[in-house]
Amino acid sequence: MPRVARKKSEKAMYHVMSRSISEVDLFQCEEDKAYYIALLKRYKEKYHCKIYSYILMDNHVHIFINPCGADISSFMLCLNTAYVTYFNKKYKRHGHLFQGRFASTIVDNDTYSLKLSAYIHNNAKDLPGYKGKEESYRYSSYGIYTGYREDSDGIIDTDFILKLFSQEKNRAQEKYKAFVKSMTDTGIVKDVDENIVKAYT
């Protein structure tokens, strides 16, 4: 069965997800996650993109990105190829690491942007020890949004999302945190999950 053509737009924002093959975790240790984030910064700067949110799980990655006119496929090809090169060299392996091409869905309105951001940041609840403490997970942008930590990696643009809540930063952070928690409690993020699953099949 032929692959469905990827939907693209020069003005679009995207939710992208990359997943590892079933028998290998994408990240074996914190050093691997730190390296991926360094690559994310490198290619964000190279392509002049805006990253609104991200999370690194053991076997997959979610990124909410505005390519700002750059080709999303070129961006992800560079990012994932560089990581595979690092991973295979470090672990003395060869061959595929990612499960096919990355999945992507177009984000075309503020409502979907908010739900997507909450969905990405809520992923940490599935990690041991992070349920109810999602903002403390280092390899997610959530703590940057809430003021829990600084954006020491210089990757995240929080203004787009936070200013949908308030022009005053502290107030926006409080409201955003409450919003993310409410999305966990209600399960409204289900349709975001379904959209990315459809993009992967």
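Colleague: How many residues does the chain have, and what percentage count as buried?
Modeller: Of its 201 residues, 49% count as buried. Buried means under 20% relative accessible area, exposed means over 50%, and partly exposed is in between, with a 1.4 Å probe and protein chains only.

Colleague: What sort of model is this, and what confidence does it carry?
Modeller: This is a predicted model, where local features need pLDDT of at least 70 and side-chain atom pairs count only at pLDDT 80 or more, while totals for chains, interfaces and linings use all residues. Residues are numbered from 1 along each chain as its sequence is written, and side-chain values use heavy atoms, with hydrogens and water left out. The mean pLDDT (the predictor's confidence in each residue, from 0 to 100) is 89, and 87% of the residues reach 70 or more. Over residues 1-6, though, the pLDDT is below 50.

Colleague: Why is Cys-78 called partly exposed?
Modeller: Its relative accessibility is 22%. That value falls between the limits of 20% and 50%, so Cys-78 counts as partly exposed. Cys-78 is found in helix α2, residues 72-90; helices are DSSP runs of H or I with at least four residues, and strands are runs of E with at least two, numbered from the N terminus.

Colleague: What does Cys-78 contact, leaving aside neighbours within four places in sequence?
Modeller: Tyr-43, Lys-46 and Tyr-47, where contact means heavy atoms within 4.5 Å.

Colleague: Why is the pair of Tyr-52 and Phe-160 called tilted?
Modeller: Rings of Phe, Tyr and Trp (its six-membered ring) pair if their centres lie within 6.5 Å; planes under 30 degrees apart count as stacked, over 60 as edge-to-face and the rest as tilted. By this rule there are 16 aromatic pairs. For Tyr-52 and Phe-160 the centres are 4.8 Å apart and the planes are at 35 degrees, so the pair is tilted. Tyr-52 lies in strand β2 and Phe-160 in helix α5, so the pair ties together parts that are 108 residues apart in sequence.

Colleague: What makes Tyr-142 and Tyr-176 edge-to-face?
Modeller: The angle between their planes is 70 degrees, with 6.2 Å centre to centre. As 70 degrees is over 60, the pair is edge-to-face.

Colleague: How do you know whether Tyr-176 is buried or exposed?
Modeller: Its relative accessibility is 0%, which is under 20%, so Tyr-176 counts as buried. Tyr-142 is buried too, at 5%.
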